[in-house]
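I opened the model to look up one residue and its surroundings. My notes follow.

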Amino acid sequence: MSGAKDLAEDYRGSGFGASLGCGDSPAVLVVDLARAYLVDGSPLRAPVEGAVAASVDLIEAARAAGLPVLFTRVVLQPGGADGGLFARKVPALHVFEEGSPLGDFAEGAVPEPGETVVTKQYASSFHGTSLAATLTSSGIDTLLICGLTTSGCIRATATDALQNGFRPLVVDEACGDRDRRLHEANLLDLGAKYADVLSLDQALTTIKTATSES
């Protein structure tokens with residue numbers, strides 16, 4: 001822990017880690033909350049139950065406040081040809097081939113009618129998808145990002161959000177990974193370079209504040 005603290009202080013002392021803050025029109029982006037990470041026997045099984053529960057809290061708060069909630073999911077053709085080199089690098093992604101129940105949304109994280117669902121084949125929610133255009137046309141400038149996994153799709157999505165001109169606010173407790181060390185290391189680096197990292201309480205306050213100011 002002291003090493004991570006020292007590194008965070010070193011980042012700040014070198015001019016990293018300025019705050020982006022929340023813009024005028026935030027939304028919640030729920031990244032790949034799939035059963036594949038929760039079902040025993042799945043090659044992607046990870047200790048992410050807490051992250052899923054925190055994500056559900058975030059989703060419910062956003063819905064109650066009237067903020068947009070957008071979801072992503074991975075869907076590959078049988079055989080994974082549309083997954084390209086990513087599917088070759090990570091053969092476990094076969095669990096997301098069409099028809100696999102492991103690709104279904106986790107309980108409590110199922111989109112409601114009218115909520116946007118973005119289908120993707122790669123780590124970033126922006127790569128090869130209509131997400132940026134959807135956000136722009138909806139006037140959304142800030143994303144409260146939750147889901148799985150921190151070192152993979154969360155990191156890639158937050159980085160691309162910044163590069164596409166959207167403010168990424170990654171919610172710590174609402175993201176998870178195969179190992180806590182991966183989670184913490186990636187959040188530290190994201191917070192230094194590409195995103196603001198918020199606690200769940202801070203994210204819920206951000207939602208309430210955005211609602212009261214609208």
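I looked up His183 first: at 2% relative accessibility it counts as buried, where buried means under 20% relative accessible area, exposed over 50% and partly exposed in between (1.4 Å probe, protein chains only). This is a predicted model, where local features need pLDDT of at least 70, side-chain atom pairs count only at pLDDT 80 or more, and totals for chains, interfaces and linings use all residues. Residues are numbered from 1 along each chain as its sequence is written, and side-chain values use heavy atoms, with hydrogens and water left out.

I placed His183 in helix 6 (residues 180-193). Helices (H or I, at least four residues) and strands (E, at least two) are DSSP runs, numbered from the N terminus.

Which residues does His183 touch, leaving out those up to four places away in sequence? I found Thr150, Asp172, Cys175, Gly176 and Asp177. Contact means heavy atoms within 4.5 Å.

Strand 4 (residues 142-148) and strand 5 (residues 167-176) pair in the parallel sense over 6 bridges; pairing needs at least two DSSP bridges between two strands.

I then checked the helix packing. Helix 6 lies across strand 5 and strand 6, at about 165° to strand 5. Axes are lines fitted to C-alpha atoms, for helices over the stretch in contact, and angles run from 0 to 180 degrees between N-to-C directions.

Last, I traced the open sheet: 6 strands, order 3-2-1-4-5-6, parallel pairing. Strand 3 (117-120) and strand 6 (196-198) are the edges, each pairing on one side only.
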